[in-house]
Amino acid sequence: MSADIYKEIILDYYKNPRNKGTLESPDVSVRDSNPLCGDVIEMQMKFEGDKLREIKFNGDGCAISQASASILTEMVSGKTIEEARSLDKSALLENLGSPNLGPVRIKCALLSLKVMKMGIYQHLGGSDATPSPEDLASSR
Amino acid sequence: MLETGLVSKAIDVEEIRKDFPILKRKVHDKRLVYLDNAATSQKPKQVIDTLIDYYSNYNSNIHRSVHQLAEEATQAFEAAREKTRAFINASKTDEVIFTQGTTEGLNFAASSLVSKYVKKTDSIVVTEMEHHSNFVPWQQAAKRAGAYFEIVSVDDEGFLDFSDLDNKLKGAKIFAFSESSNVLGSNLDAKELTKRAHENGALVVVDGAQSAPHMPVDVQNMDCDMFAFSSHKMLGPTGVGCLYGKRDLLASIPPFLYGGDMIKEVHRKETNWNDLPWKFEAGTSNIADVIGLGSAIDYLKRMGMSNIRRHETEICRAALEELAKFPDVEVYGPKVAENRSAAISFNVAKIHPHDVASILDEEGVAIRSGHHCAQVLMERLGVSATARASFYLYNGYDDLEALIEGLKKVRQVFQ
């Protein structure tokens, strides 16, 4: 790993986050934090049929966690619910430009994916649905 | 720019570094600058050799068998207890209980003292600057007992608010505090705090995890009732710590764990406990690492705890001066080196501490970032996390310079 975990793309999304903010009357609102680092990501989603029509995030944390959330919202916005649900962590890491983050910083990068999937499952299963461990495993 | 060629007057850093094999390694092709000592310290070859010697030459269980190896192991184990007693100046060797570390010691203290001495509507007092391990055990024990859980406020300088303290100590049964804050670096006057708590009839439990490695400790002079610390932050192995307790107090409370070595006689309906301190050391102890702790204490004693304290105060003063030159760096805790440890928490404006730490890592500089297991204090400071550079006896001015140069790099990356 070299200085280059701070790729241009991470700094860009950190400084100019896309899809940051809140939605009016979202269908779901989810939040999770990284207990070790204190990174926090909140996401709000609106659905239409089988599509994730709109997604916004809010949060507080390091450049990697926040840029990851922003990039992720762009990746899944307008996609089908199934596409969002089955999104693999490698795709997100690839888009972050950091496929080889170490075991500590990877938690920062993947918090957004976990929150997004929590939202999808909440939508699919009612208010108290939680993702199955197998499914979340792909986002850890 | 830091004045180059500064040399510590209290400690010969260059000479000491030769004892620490890990300091020879490179990280990202740079010299390792290890400034995460408040998390854990590095180990000198003397400690590492002690572990190898134990496992190579006299590995055996203690206090049980009568063969030669068992005799040697038992002798070395109990010698480490005597070294530990002298290190904190306890009056009796049987007041030294070996634990897995500070966390286990504090959990034991909270669980045993609260069930024996705290009743419904009594109060237990801690402070806002406690590490979770000296906060959560008391919070939960208070809940179980139906007792009040009071938290003394921290003032803007990083010390306790004394009027709040005096109020909360009224009628308190237990006061638990850390002698040195792992985040703010504040060194508290443990003797004075103990006196105030005792005047109110409260028992005093001191978390010494961040003080025992860095300054002389004298539990008799402090007069605290219990004192907990860890081996791994003071050059010793992980997995070992010590809980000191006044003998009469230890005699008054029941064992925490039951099992082998902690009993005297077991009958079908009742059991008699072993004498102190073994009453509190159920099961096979972490023998090698206890003996390793003894070796770490030998090392620290040779350097002199007062010299270590003076050395760290010098480095801390220089670090505070250098950090103050960055207009966008905020340093938390006391601004005067004499009143604090060399664990220095700070933030760089608009840059998350994890990013600061990652970029410093690229330069070979290891610091900590996060909430430091002190979320209540983070809330008080109004931040979610901080960066923390913490120095020890093998850190010199060249390490401080590497930190400062690294911080300049951090600003470049994020500018």
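How many salt bridges does a search of the whole structure find over all chains? The search finds 38. The legends below describe close-up views of this predicted model.

**Figure 1. The open, mixed sheet of chain B.** In chain B, 7 strands form an open sheet with mixed pairing, and their order is β4-β10-β9-β8-β7-β5-β6. The edges of the sheet are β4 (96-99) and β6 (148-152) of chain B, each of which pairs on one side only. From one strand to the next, the twist averages 20°. Two helices of chain B pack on this sheet. Helix α6 (residues 162-169) of chain B touches β5 (123-127), β6 and β7 (172-178) of chain B, and its direction makes about 165° with that of β6(B). Helix α7 (residues 190-199) of chain B touches β7 and β8 (203-207) of chain B, and the direction of α7 makes about 170° with that of β7(B).

**Figure 2. Pairing of strands β9 and β10 of chain B.** Strand β9 (residues 226-230) and strand β10 (residues 241-245), both of chain B, pair in the antiparallel sense. Their pairing extends over 5 bridges. Within this pairing, B:A228 has B:L243 of β10(B) as its bridge partner.

**Figure 3. The salt bridge between B:D122 and B:K173.** The closest N and O atoms of B:D122 and B:K173 are 3.4 Å apart, and the two residues form a salt bridge. The pair links distant parts of the chain, 51 residues apart: B:D122 belongs to the loop between α4 (102-117) and β5 of chain B, whereas B:K173 belongs to strand β7 of chain B. Are the two partners buried or exposed? B:D122 has a relative accessible area of 13% and is therefore classed as buried, the limit being under 20%. B:K173, with a relative accessible area of 30%, is partly exposed.

Figure 4. B:E192 and B:K195 form a salt bridge in which the closest N and O atoms are 4.0 Å apart. Because B:E192 and B:K195 are 3 residues apart in helix α7 of chain B, about one helical turn separates them. B:E192 counts as partly exposed at 24% relative accessibility, and B:K195 is also partly exposed, with a relative accessible area of 47%.

**Figure 5. The salt bridge between B:R317 and B:E338.** The side chains of B:R317 and B:E338 meet in a salt bridge, with an N to O distance of 2.4 Å.

**Figure 6. A salt-bridge network in chain B.** Which residues are linked in this network of salt bridges? The linked residues are B:E14, B:R17, B:R31, B:D398 and B:D399. Side chains of opposite charge can pair when their charged atoms come close.

Figure 7. B:A402 has its place in helix α14 of chain B. Its C-alpha atom is separated by 9.9 Å from that of B:L32, although B:A402 and B:L32 are 370 residues apart along the chain. When neighbours within four places in sequence are left aside, the residues in contact with B:A402 are B:V33 and B:V365.

**Figure 8. The interface between chain B and chain A.** Contacts across the interface involve 18 residues of chain B and 19 residues of chain A. The area buried between the two chains is about 1300 Å², and carbon and sulfur atoms give 51% of this area. Of the area that chain B buries against chain A, 34% is supplied by B:H354, B:E362 and B:F414, more than by any other three residues.

**Figure 9. Polar and charged pairs between chain B and chain A.** The count between chain B and chain A is 1 salt bridge. The side chains of B:D355 and A:R105 meet in a salt bridge, at 3.2 Å from N to O. Between chain B and chain A, 8 residue pairs are in polar contact. On the side of chain B that touches chain A, α12 (353-362) and α14 (397-414) of chain B each supply at least two residues. The largest share of that side, 6 residues, comes from α12(B).

Technical notes
Residues are numbered from 1 along each chain as its sequence is written. Chains are lettered from A and ligands numbered from 1 in the order in which they are written. This is a predicted model: local features need pLDDT of at least 70, side-chain atom pairs count only at pLDDT 80 or more; totals for chains, interfaces and linings use all residues. Side-chain values use heavy atoms; hydrogens and water are left out. Two strands pair if DSSP finds at least two bridges between them. Helices (H or I, at least four residues) and strands (E, at least two) are DSSP runs, numbered from the N terminus. Axes are lines fitted to C-alpha atoms, for helices over the stretch in contact, and angles run from 0 to 180 degrees between N-to-C directions. Contact means heavy atoms within 4.5 Å. Buried means under 20% relative accessible area, exposed over 50%, partly exposed in between (1.4 Å probe, protein chains only). Buried area is the accessible area (1.4 Å probe) that two parts lose on being put together, summed over both. A polar contact is a pair of N or O atoms within 3.5 Å; within protein, one must be able to donate a hydrogen and the other to accept it, and residues adjacent in sequence count only if both atoms are side-chain atoms.
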